[in-house]
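Here's a friendly walk through one protein structure. Keep the picture open and turn it around as you read.

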Amino acid sequence: MSLKNVRLEVMKFLEKDVESLIKKYLIPIEKIWQPTDFLPNSESDSFFEEVKEIRELSKELPYDFWVVLVGDMITEEALPTYESWLMDIEGVKQKDRENPWAKWVRHWTGEENRHGDVLNKYLYLSGRVNMREIEKTTQYLIADGFDIGTDRDPYKNFVYTSFQELATYISHNRVAKIAKKNGNKQLGKMCQIISGDEMRHHHAYSEFVERIFKVDPSQMMMAFYDMMKLKIAMPAHFLRESGNKISTAFEEFSNTAQRIGVYTSTDYVDILDKLIKRWEIDKITNLTDEAEKARDYLMKLPTRMYRLSERIKIPENSFQFKWVEPAILK
């Protein structure tokens, strides 16, 4: 049987548990928070006073913080790309409305959609950023799409999402701490609850991988190896500002996030280390010779990467983004 057909068989085998995993990891729509819970009520007489308070508190937050918050929001707003990508995975039957995997992707998308919504509205009300430039960057990111090196392989995609959901948890959680430290408790609370969603989603995708390891350990190990050798590409790796070439803004955005400690190269290695321990890859049995070699590579990889991360130098000066103009912040 081909590898593709084996994966389809495994996805079919796991289908029976997906409904219970939706109940375990996703929150019913009537119970989960919505963006308006954290934003001024436009129906209230106090709306303009609440907006004024947001604008005043926003003045306490520095330039690099706004760059990172904007970059995080744009990444969340590129959700159409992520949903269409996941819907195309082998074993996800989009045309079958009751297919458990398609149902997972739709419900997951519904939860994730709130993140971009609330951050977008907050940025708009803050008066601290150039929304038109941000909107153009968001449209470019969706139009440019992305290539994360997973193709339609569910094993690779679940490694990617396990990694990426934990990365976004770290980023939103650190942004929350900076906001609170600067006296903006509401923004801090908003980013913290977003990070909580990301952690739940991380646990879900990690469990998908755990279950695959039990039924197809060698090929799951090879998929993990392939993704880490390729290196995990961030979802916004094609980020650009208006008038610039594809991907030209991503490195500067990453430098800014690293400079203020929101997401660093060390965090990348920490996530890899956590996944190795979570999936207990050192204890997995019945591996082929090729998969054994892949496991050895993965076990040694964090130590090698920690050494490399210590050598990375981040520019001290902030890059001037069109999203956040100095004149606005005065």
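## Before we start

This is a predicted model, so to speak: local features need pLDDT of at least 70, side-chain atom pairs count only at pLDDT 80 or more, and totals for chains, interfaces and linings use all residues. Residues are numbered from 1 along each chain as its sequence is written, and side-chain values use heavy atoms, with hydrogens and water left out.

## The core

Start with the largest nonpolar core, which has 107 residues. A nonpolar core here is a set of buried Ala, Val, Leu, Ile, Met, Phe, Trp, Tyr and Cys residues joined through side-chain atoms within 4.5 Å. "Buried" is under 20% relative accessible area, "exposed" is over 50%, and "partly exposed" is in between (1.4 Å probe, protein chains only). W104, F163 and F224 have the most contacts inside this core, and helix α7 gives the most to it, with twelve residues. Helices are DSSP runs (H or I, at least four residues), numbered from the N terminus.

Who does W104 touch? Skip its neighbours within four places in sequence, and W104 is in contact with V18, L21, I22, Y25, L26, A204, Y205 and F208. Contact means heavy atoms within 4.5 Å.

## Helices α4 and α7

Now find helix α4, residues 79–87, where L79, T81, Y82, L86 and M87 are buried. The buried residues of α4 pack against α3 (63–77), α5 (100–126), α6 (131–144), α7 (154–181) and α8 (185–215).

Over in α7 sits N173. Is N173 buried or exposed? N173 is buried, with a relative accessible area of 13%. Apart from its neighbours within four places in sequence, N173 is in contact with Q192 and S195.

Rolling a probe the size of a water molecule over the atoms shows where empty space is left. The work is done on a 1 Å grid over the protein atoms alone: a cavity is a set of points where a 1.4 Å probe fits but cannot get out, a pocket is an open set with protein on both sides within 12 Å along at least five of seven lines, and lining residues have an atom within 4 Å of a point. Grid points are joined across faces, edges and corners, and a volume is the space filled by probe spheres set on the points.

How many cavities of 30 Å³ or more does the search find? There are two. The largest has a volume of about 250 Å³, and of the 18 residues that line it, Y82, W108, Q164, E165 and P235 are the closest to its centre. Helix α7 supplies the largest share of this lining, six residues. By class, the lining has nine nonpolar, five polar and four charged residues. (Ala, Val, Leu, Ile, Met, Phe, Trp, Tyr, Cys and Pro count as nonpolar, Asp, Glu, Lys and Arg as charged, and the others, Gly among them, as polar.)

The second largest cavity has a volume of about 40 Å³. L86, I89, V92, W101, W104, V105, F158 and Y205 line it, giving eight nonpolar, no polar and no charged residues.

## The open pocket

The largest pocket holds about 850 Å³ of space. It is lined by 37 residues, and M234, Y263, T264, S265 and Y268 lie nearest its centre. Helix α10 (250–259) is among the helices that each supply at least two lining residues, and α10 gives the largest share, seven. The lining divides into 20 nonpolar, eleven polar and six charged residues.

## Charged pairs

The whole structure has 24 salt bridges, meaning a side-chain nitrogen of Lys or Arg within 4 Å of a carboxyl oxygen of Asp or Glu. An α-helix has 3.6 residues a turn, so residues three or four places apart point the same way. In α1 (residues 3–25), K12 and E15 lie three residues apart, and their side chains meet in a salt bridge (3.5 Å, N to O). K12 is partly exposed at 49% relative accessibility, while E15 is buried at 10%.

In α11 (residues 265–278), D273 and K277 are four residues apart, and their salt bridge is 3.0 Å, N to O. K277 counts as exposed, at 57%. Elsewhere, K16, D17, K24, E207 and R211 are linked in a network of salt bridges.
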